[in-house]
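This report goes through one structure for a reader who has not seen it before. Please keep the sequence and the model in view while reading.

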Amino acid sequence: MRYKIDYSKEAEDDLNELDSSQKNQVRKAILKVSENPLPKNEGGYGTPLGNKHGKNLTGLCKIKLLKLGIRVVYKLVRTDSVMKIIVIAARADYEVYEIAAKRIEHE
């Protein structure tokens with residue numbers, strides 16, 4: 001069952017900052033994962049996050065696009081079958097996790 005994809009305002013901005021080739025690859029990856037966005041330990045495609053550099057990201061998952069050097073962090077809303085995209089960013093020095101922690105604080 002495919003989950004509905006919902007981008008936070010900030011994640012939409014992140015996506016719009018990418019060039020068209022990167023946008024297409026990120027969208028394809030998100031669409032693929034939306035077919036089964038559950039964490040890998042539940043048989044899905046998502047890589048669960050826990051504590052990253054002192055930030056509690058439990059309940060969030062990531063998609064890694066290795067060739068692009070981009071990570072997508074998302075949250076599942078299981079009751080509504082929604083895959084909420086929180087951040088799309090470069091994976092340098094755990095910056096993406098810092099951004100994700102700040103954004104989920106303000107939800």
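The sections below cover the basis of the model, the sheet, its hairpins, and the packing.

## Basis

This is a predicted model, in which local features need pLDDT of at least 70 and side-chain atom pairs count only at pLDDT 80 or more, while totals for chains, interfaces and linings use all residues. Residues are numbered from 1 along each chain as its sequence is written, and side-chain values use heavy atoms, with hydrogens and water left out.

Helices (H or I, at least four residues) and strands (E, at least two) are DSSP runs, numbered from the N terminus. Two strands count as paired if DSSP finds at least two bridges between them.

## The sheet

Five strands make an open sheet in the order β1-β7-β6-β5-β2, and the pairing is mixed. Because β1 (4–7) and β2 (47–48) stand at the edges with a single partner strand each, one side of each has no neighbour in the sheet.

Helix α1 (residues 9–16) lies across β1 and β7 (82–90) and runs at about 45° to β7. Here axes are lines fitted to C-alpha atoms, for helices over the stretch in contact (heavy atoms within 4.5 Å). Angles run from 0 to 180 degrees between N-to-C directions.

β5 (residues 60–65) pairs with β6 (residues 70–77) in the antiparallel sense over six bridges. Leu-65 has Ile-70 as its bridge partner in β6, and Leu-60 stands opposite Lys-75. Four residues separate the two strands of this hairpin, and Gly-69 in the turn has a positive phi of about 70°.

β6 also runs antiparallel to β7, joined by eight bridges. Ile-70 stands opposite Ala-90 in β7. This hairpin too has four residues between its strands, with Ser-81 in the turn at a positive phi of about 50°.

## Packing

A nonpolar core is a set of buried Ala, Val, Leu, Ile, Met, Phe, Trp, Tyr and Cys residues joined through side-chain atoms within 4.5 Å. The largest one has 19 residues, and Val-26, Ile-63, Met-83 and Ile-88 have the most contacts inside it. At least two residues of this core come from each of α1, α2 (20–34), β5, β6 and β7. Another core, of ten residues, lies apart from it and includes Leu-57, Leu-60, Val-73 and Tyr-97.

Technical notes: Buried means under 20% relative accessible area, exposed over 50%, partly exposed in between (1.4 Å probe, protein chains only).
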